[in-house]
Structures are given as structure tokens and as C-alpha cells.
Amino acid sequence: MEPLFRWAGSKKKLLPSIKSRFPSAYGTYHEPFCGSACLFFDVLPRSAVLSDRNEELMMAYREIQKSPEDVYGFLGSYEISKDKYYELRALDVSTLSSPARAARFIYLNKLCFNGVYRTNKLGLFNVPMGTKTGKMPTLDVLARFSDALQGVKLVGGDFSEISENIKSGDLVYLDPPYSKPESRERGEYGPGSFHFSDIERLVSFLDYINSIGAFFIFSYSDCEIIRKNLREEWNTDVVSVRRHVAGFSAHRKVVDELIVSNFSI
């Protein structure tokens, strides 16, 4: 099934390359930078743990999983307009009930510019309304996503915090936001999101996954800072893909992505 959320950096076009590298059998599927979770919703594994540092995103998933009718009760009452968009964007989420907060997240995600999630230094969502926007989900659509999420463990927090959930034979797919030394931090993906300074810590996490006998597949933009940190014994492939999130379509280009795993296909 298609993912519910629009998300910058989604690996939708890379799905065939990633799925072709899955182990023949595995236990629980883990995705610690889940975002739109397009791989999870495409594969729909029987057992899964989805996690992300973006608490607004995880709140929305939890409420859809638990009470899609309550979420739609708010979402269905919102008119589609610029005035409503900026009214909802300005709300203090701490004053909202959990279903209302999830509905706000869905609404802003569908209508914001290019599906970008960005916050200011105070952690407040500040993306303007876009012109090419997504369609609001119906109650039936939310119910289908709720069904898909039944039995899934949803966790908020840093990628390293899911280590206790990973067991031997499990599969971990990691797709952190692309960050490079010369890029300035602009609040994409929310407060405390993955930064190039976290790469060594991430590689240590891959070492841990490998040490307990679990599988991992890791995708990232092909760059020197990643290559110099990868272990020689890991399998590394380069796949070309057209980036589909950019300010203007004329600037979208073909780039190389690394797909790294600790097992042979």
C-alpha cells in the first residue's frame, strides 16, 4: 500500500533495489528513521517496530493505530484553505487532545510545501502552504492504515534507543536524513534530527546489530564521509536514483545512493 504521509527524502523510487536485497527469512522488521515508512507499508511485515525522533510523526501514527475514527472526527471538520492552514500551524500542540494533534499533523503534512517537515529554533513547524498538495484521507483510508499498524510497536526517540528491541535474526532498515558538513542546519525533520556528526555513532550501531546476529540494510547518499566509515566486510552497492523532493522540478537530478548490508543476498 502507498504511505499515508508525504516525506522529504522518501525512498519510494529505491524500493525495488532495497527489497531485492532482503534476506530470505527474518524475524521482526525494524525501521528507526521511519518517516513515511514507505518500505514498511509496501512490504507489510508480520512483525515490526517503527520509530523516529519526530514525536509529532509518531504521535500521529499512534493515534491512527488506536482510534482512526477520533482522528477523522477532527480532520474531516477542517476546511481546505490557506486561512485554516495557518490557523492550525500556529496552534500550541500542548493544548490539543491526542486525536486533534494527529489530525493537525495529517492536515499540515498534506498541504505543506513539498511534504517538508521543518521547524524553527523553538521547535515550531514553520513550512508554508504549498500549491501542489496531497489529498486528505477519508475515514476508510485511515481505517486501512490503522489495520496495517495493528501489532506494530511505535517508538519515539533516537535510533540508538531501539537496540533493546532488536533480536538475532531480525532485519533493521536504516534510512537517516542526508546531512553533510557544508550544509547548514535548517530544522528539517524536526528538533535533534540526524546530523553528519552522528555518522560514527550510527556505524557503531550497525556494528552492534551485526554483533548480535541481526541483519541490517542501510541506505544513504553516496559520499566520502560515509564511505570512509564503512567496514570492508560489509556489502556496498551503488544505485542511481532521481531525487523527487526539491524546490523546483528543474533542479531535480539523478544521484547515487549507497545500499549497505551485513549479509550476502
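In helix 4, which spans residues 68–75, the residues Pro68, Val71 and Leu75 are buried. Here, buried means under 20% relative accessible area, exposed means over 50%, and partly exposed lies in between, with a 1.4 Å probe and protein chains only. Helices are DSSP runs of H or I with at least four residues, strands are runs of E with at least two, and both are numbered from the N terminus. As background, an α-helix has 3.6 residues a turn, so residues three or four places apart point the same way. The face turned away from the buried side of helix 4 carries the exposed residues Glu69 and Gly73.

Before I continue, please note that this is a predicted model, in which local features need pLDDT of at least 70, side-chain atom pairs count only at pLDDT 80 or more, and totals for chains, interfaces and linings use all residues. Residues are numbered from 1 along each chain as its sequence is written, and side-chain values use heavy atoms, with hydrogens and water left out.

Let me turn to helix 3 and helix 6. Two packed helices are described by the angle between their axes and the distance between the axes. The axes of helix 3, residues 55–66, and helix 6, residues 98–111, come within 8 Å and cross at roughly 115°. Axes are lines fitted to C-alpha atoms, for helices over the stretch in contact, and angles run from 0 to 180 degrees between N-to-C directions. On the side of helix 3, the residues in this contact are Glu55, Glu56, Leu57, Met59, Ala60, Glu63 and Ile64. On the side of helix 6, they are Ser98, Pro99, Arg101, Ala102, Arg104, Phe105 and Ile106. By class, the contact of helix 3 with helix 6 has 8 nonpolar, 1 polar and 5 charged residues. In this scheme Ala, Val, Leu, Ile, Met, Phe, Trp, Tyr, Cys and Pro count as nonpolar, Asp, Glu, Lys and Arg as charged, and the others, Gly among them, as polar.

Is glutamate 56 buried or exposed? Glutamate 56, a residue of helix 3, counts as buried because its relative accessibility is 12%. Not counting residues up to four places away in sequence, glutamate 56 touches Val93, Arg101, Arg104, Phe105 and Tyr117. Glutamate 56 and arginine 101 are 45 residues apart in sequence, with 8.0 Å between their C-alpha atoms.

Next, the nonpolar cores. A nonpolar core is a set of buried Ala, Val, Leu, Ile, Met, Phe, Trp, Tyr and Cys residues joined through side-chain atoms within 4.5 Å. The largest core has 54 residues, of which Phe5, Tyr29, Phe40, Leu50, Tyr61 and Tyr107 touch the most other members. Helix 6 gives the most to this core, with 7 residues. A second, separate core of 24 residues includes Ile162, Phe205, Tyr220 and Ile225.

Beyond its neighbours within four places in sequence, tyrosine 29 is in contact with residues including Phe22, Leu39, Phe40, Leu50 and Tyr173. Histidine 30 belongs to strand 1, residues 29–31, and counts as buried because its relative accessibility is 0%. Its contacts, again leaving aside neighbours within four places, include Val49, Ile162, Asp170 and Tyr173.

The loop between strand 1 and helix 2, residues 38–43, holds phenylalanine 33. Phenylalanine 33 is buried, with a relative accessible area of 13%. Its C-alpha atom is separated by 6.2 Å from that of serine 51, which is 18 residues away along the chain. Among the residues that phenylalanine 33 touches, not counting those up to four places away, are Ser51, Phe159, Pro176 and Phe194.

I close with backbone angles. Most residues other than glycine have a negative phi. Alanine 37 has a positive phi of about 55° although it is not a glycine. Alanine 37 lies in the loop between strand 1 and helix 2 and is buried, at 0% relative accessible area. Asparagine 114, also not a glycine, has a positive phi of about 60°. Asparagine 114 is found in the loop between helix 6 and helix 7, and at 22% relative accessibility it counts as partly exposed.

Notes
Contact = heavy atoms within 4.5 Å.
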